[in-house]
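Welcome! Let us look at this structure together and learn how to read a few of its features.

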Amino acid sequence: MYNGFGLGRYYVKYYLFLLLLLSIVVLFYICYESYRRKKENLARGEIVGLWGRRERRRFKRLKTVLPIQYEISNNSRPTQEAVTRDISQGGVGVIIYEKLKEGTPLRIWIDLANKKEKLLVLGDIAWLKEILRQDSDKRAFYAGIRFTTIDTPTQLQLFDFIYTLEKEEKEKR
């Protein structure tokens, strides 16, 4: 004789299984959307570089020539002068006349054209390439300096300056 209880238990297990599966799918979708939004909000440079290479930089470089001064953090040598080639929110490319090792900590004073005071940032040498120069007997190096410590007001001034450069670059196009 059939009393109907066996079939009801089957449906309850079936619906519980479907509810669990649906919950897992919804949870996965929520996590994926959160990850995707965070990834979209990261400031990034151009995705494709020369010849279709993928760009690894987080921030777009903007070509600009600014006078800077730098000194090695744990050294008593006097401050050296240099010139930037480009700048970004994460660092600066400079031309220097001494060979420094990667990872060398630096104090950098950036002289922005529209500011009274120089911006002080801490950074280190990310990479260094020697430049061949015919017009000078000095050795010159193109160095990438990664910013390591910037206080909030300085960071805001730097970001404002970079935003202005980006705006001017877009207007030229």
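## Reading the cavity and its neighbours

A: Let us start with a list: Tyr70, Glu71, Ile72, Arg77, Pro78, Gln80 and Glu98 line the largest cavity. Please keep in mind that this is a predicted model.

Q: How many cavities of 30 Å³ or more does a search of the whole structure find?
A: Rolling a probe the size of a water molecule over the atoms shows where empty space is left. Here the search gives 1 cavity of 30 Å³ or more, and the space in the largest cavity is about 40 Å³.

Q: Which strand gives the most to the lining of the largest cavity?
A: That is strand S2, residues 67-72, which supplies 3 residues. By type, the lining of the largest cavity holds 3 nonpolar, 1 polar and 3 charged residues.

Q: Is Glu71 buried or exposed?
A: Glu71, one of the lining residues, is placed in strand S2. Its relative accessibility is 14%, so Glu71 counts as buried, since the cut-off for buried is under 20%. Leaving out residues up to four places away in sequence, Glu71 touches Arg77, Thr79, Pro105, Leu106, Arg107 and Trp109.

Q: Where in the chain do Trp127 and Tyr142 lie?
A: Trp127 belongs to strand S6 (residues 119-131) and Tyr142 to strand S7 (residues 140-149), so the pair ties together parts that are 15 residues apart in sequence. With 24% relative accessibility, Trp127 counts as partly exposed, whereas Tyr142 is buried at 7%.

Q: What lies over the face of Tyr142?
A: Look for Arg85, which sits over that face at 4.1 Å from the ring centre.

Q: Which residues does Ile162 touch, not counting those up to four places away in sequence?
A: First find Ile162 in helix H2, residues 152-172. Ile162 is buried, with a relative accessible area of 1%. Its contacts of this kind are Leu62, Ile87, Ser88 and Gln89.

Q: What separation do the C-alpha atoms of Ile162 and Lys60 have?
A: Ile162 and Lys60 are 102 residues apart along the chain, and their C-alpha atoms are separated by 9.8 Å.

How values were computed
Residues are numbered from 1 along each chain as its sequence is written. This is a predicted model: local features need pLDDT of at least 70, side-chain atom pairs count only at pLDDT 80 or more; totals for chains, interfaces and linings use all residues. Side-chain values use heavy atoms; hydrogens and water are left out. On a 1 Å grid over the protein atoms alone, a cavity is a set of points where a 1.4 Å probe fits but cannot get out, and a pocket is an open set with protein on both sides within 12 Å along at least five of seven lines; lining residues have an atom within 4 Å of a point. Grid points are joined across faces, edges and corners, and a volume is the space filled by probe spheres set on the points. Helices (H or I, at least four residues) and strands (E, at least two) are DSSP runs, numbered from the N terminus. Ala, Val, Leu, Ile, Met, Phe, Trp, Tyr, Cys and Pro count as nonpolar, Asp, Glu, Lys and Arg as charged, and the others, Gly among them, as polar. Buried means under 20% relative accessible area, exposed over 50%, partly exposed in between (1.4 Å probe, protein chains only). Contact means heavy atoms within 4.5 Å. A charge sits over a ring if NZ of Lys or CZ of Arg is within 6 Å of the ring centre and within 35 degrees of the ring normal.
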